[in-house]
Amino acid sequence: MNNVYLAAPFFDEAQKERIQQVKTALLANPTINPDGIFIPEEHQFEEEPFGSRAWQQYVYASDMRQVHRADVVVAILDFDMTSATNEPDSGTMFEIGAAVAEKTPVLVVQFDADKELNLMIAQGLTAYFDASKDGLQELAAYNCDDLRSKPAHRPVF
């Protein structure tokens, strides 16, 4: 079973709801370890004040350690779905880049697939799921075993 790093913004209720929808799909996937889904929001360093230097250092080190330990990174691209561009969260993009550099497979989930996908993300991903259609069901059924040897499942533009 595969361990997952779930990269996504979690700054408002809509973002948190999208995380829960993706987590539900991952929990239904038989190739995912249900106890191995790391969600950064659930692992904040509460012993230090939010935003302090010690807090930042801990969160960065913890998140990067988990990205490197993951068998697969699942990234939700949607940040502000009310904007015209729906520019992705910069932290999520950094985590995707770290995973690609480690040659860790990246599964991208997008709830607003009408928004343009950045070419670096499109070329670096392993699989793409359009959550506005059947993407979450596809994610729940996607075989995550041996992703490093599978051809990429990229969106068509």
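Two strands count as paired if DSSP finds at least two bridges between them, and that is the idea to carry into this tour of a predicted model.

**First stop: strand E4 and its neighbours**

Select Val 73 and then Val 106, and you will see that Val 73 stands opposite Val 106 in strand E4. Now widen the selection to strands E3 (72-76) and E4 (106-110), which pair in the parallel sense over four bridges. On moving to strand E5 (127-130), you will find that E4 and E5 also pair in the parallel sense, over four bridges, and here Gln 110 stands opposite Asp 130 in E5.

**Second stop: the nonpolar cores**

Select Val 22, Leu 26, Val 74, Ile 76, Leu 107, Val 109 and Leu 139, which are the residues with the most contacts inside the largest nonpolar core, a set of 26 residues. Strands E1 (2-7), E2 (32-38), E3, E4 and E5, together with helices H1 (13-28) and H5 (135-141), each supply at least two residues of this core, and the largest share, four residues, comes from H1. Centre the view on Leu 26, which touches Val 4, Ile 32, Ile 37, Val 74 and Leu 139, when residues up to four places away in sequence are not counted. Apart from this core lies another, of 20 residues, among them Phe 38, Ala 99, Ile 121 and Ala 122.

The structure holds four aromatic pairs, and two of them are visited here. Select Tyr 60 and Phe 94, whose rings have their centres 6.3 Å apart and their planes at 55 degrees, so the pair is tilted. Tyr 60 belongs to helix H2 (residues 53-69) and Phe 94 to helix H3 (residues 90-101), 34 residues apart, while Phe 94 is partly exposed, with a relative accessible area of 47%.

Finally, select Phe 129 and Tyr 142, an edge-to-face pair with 5.3 Å centre to centre and 85 degrees between the planes. Phe 129 lies in strand E5 and Tyr 142 in the segment after H5, so this pair ties together parts that are 13 residues apart in sequence, and both Phe 129 and Tyr 142 are buried.

Methods. Residues numbered from 1 in each chain as written. Predicted model: local features only at pLDDT ≥ 70, side-chain atom pairs only at ≥ 80, totals over all residues. Heavy atoms only, no water. Core = buried A, V, L, I, M, F, W, Y, C linked by side-chain atoms within 4.5 Å. Buried < 20%, exposed > 50% of the residue type's maximum accessible area, 1.4 Å probe, protein only. Contact = heavy atoms within 4.5 Å. Phe/Tyr/Trp six-rings, centres within 6.5 Å; stacked < 30°, edge-to-face > 60°.
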